[in-house]
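Reader: I would like to learn how to read aromatic pairs in a protein model. Please take me through a case.

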There are 2 protein chains.
Amino acid sequence: MAERGTSIRARVRAELTEEIKKAARAQLAVEGANLSLRAVARELGMASSAVYRYFASRDELLTALIIDAYDALGAAAETADARYKRRTDFAGRWVAVARALREWALTAPSEYALVLGSPVPGYRAPRDTTGPASRTPYVLVGIVAEARDAGQLAPADGPPIPARLRTELAALARTVEVDLDEPLLARTLAAWSQLYGAISFELFGQLDNMIDRRAEWFDYQARGMAAQIGLC
Amino acid sequence: MAERGTSIRARVRAELTEEIKKAARAQLAVEGANLSLRAVARELGMASSAVYRYFASRDELLTALIIDAYDALGAAAETADARYKRRTDFAGRWVAVARALREWALTAPSEYALVLGSPVPGYRAPRDTTGPASRTPYVLVGIVAEARDAGQLAPADGPPIPARLRTELAALARTVEVDLDEPLLARTLAAWSQLYGAISFELFGQLDNMIDRRAEWFDYQARGMAAQIGLC
DNA sequence: TCTCAAACGAGAGCGCTGCTCTCTCTTGTG
DNA sequence: CACAAGAGAGAGCAGCGCTCTCGTTTGAGA
């Protein structure tokens, strides 16, 4: 008998799949990037071979975790922006989203490392991840585009952009359907890269023995990014 | 018989140690972060247990590689700055050093990932690395300090710095013996973090399907950092 | 309602890993 | 010249990812 379009078996299967991922995430949190499929199976009280009914390989499990992490990261960015009240305070929105991303990274460092750290084994997951991966930059770009539409954008400055890079930026804007001109897109992209750098720098221990007031330091940088883009 | 203060045995030992590291680096380059001590031993035609005469554990081998990588990275920065002719073109020097760091990272991606990527197994190497690790930022800070001394620094701007962060920056400047005032140190530190972000962003695949003209894109960002610091 | 193929779980096993221990041979120094 | 320290090899342990085989469960079609 079908229930809600899916059989009971399928439902149980989905639940166990989720439970495996949950246990894997838990182990990842304490063990670092070295995820042991056998340990996950042990945790769940099942034979290691049984896990292979749900994930064809350890890498496939990791891929699933990566996709989930991308989704969680994107969701964090979206809700942070949505919850920000003063919609025309674009710099404030940028900082709020940046903070949310950092905080998500701090609560789930190994998952952040999974998606944005060094590629794990030989190479990374296939490009099933492109969808969820684009949620975060989409939020960032959205803030900038809205600011531009509201006329709240400081006049463009920044280094000159070589002609060929400019055409590539234009092509990029077209393919991802982003309505920003080349200099603005360049500044936004650079700010995104900078944001990623600031979070990774802290998370991967480069700030150790240098700065303890990390939240304040991060805010300083996030405000710098907003200023660099031209958000007011 | 002692030779140059070290016995022959010690010399041979040092050579073999170096050879092990070399083989490990080679394997790391093709295999990613998963370094197999047994494979290294196999490559060298020796029993895996013999390697333990030279490195107490796989982690210790990795630590040695990390220290070497930090040193190589620092050396790349230093020579790039030293070779730059127009000493008062501080923005040019910054960009030259940034380029050198990126190029080193591109030629040895796994070694870069080792030192600046996500911490590998459970946690990272001990703090034997602090010395070599500081060579790169020292070069960057040096350029800024020289520019300031030459009066080639644009007037400070940037986000406000909270008082407590400011005192911590002052303390940091004191402990690492850097002669930069708080706002300038903050801008330099932020630029360093940004530089790290730009390199990692490219190296870890975040630029894939977005920008192909990577050298030009990197230059654009490097120039932006110099401008943000105030280098002329 | 019964049947049977598909789904599932467990266990054994393969080759790999890091690491330890023991045994033998070499080496350089007192 | 003796002998302890250094060095290499090999066996072995527990763990890993993954495969295969063998019973059991289950749910959909006859």
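Author: Start with A:Phe201, which counts as buried because its relative accessibility is 2%; buried means under 20% relative accessible area, exposed over 50% and partly exposed in between (1.4 Å probe, protein chains only). The model is predicted: local features need pLDDT of at least 70, side-chain atom pairs count only at pLDDT 80 or more, and totals for chains, interfaces and linings use all residues. Residues are numbered from 1 along each chain as its sequence is written, chains are lettered from A and ligands numbered from 1 in the order in which they are written, and side-chain values use heavy atoms, with hydrogens and water left out.

Reader: How many aromatic pairs does the structure hold over all chains?

Author: A pair of aromatic rings is described by the distance of the centres and the angle of the planes. Rings of Phe, Tyr and Trp (its six-membered ring) pair if their centres lie within 6.5 Å; planes under 30 degrees apart count as stacked, over 60 as edge-to-face and the rest as tilted. Over all chains there are eight such pairs.

Reader: Is the pair of A:Tyr112 and A:Phe204 stacked or tilted?

Author: Tilted, because the planes stand at 55 degrees, with the ring centres 6.3 Å apart. Both residues are buried: A:Tyr112 has a relative accessible area of 2%, and A:Phe204 one of 4%.

Reader: What does A:Phe201 form with B:Tyr196?

Author: An edge-to-face aromatic pair, 5.2 Å centre to centre, with 65 degrees between the planes. B:Tyr196 counts as buried at 4% relative accessibility.
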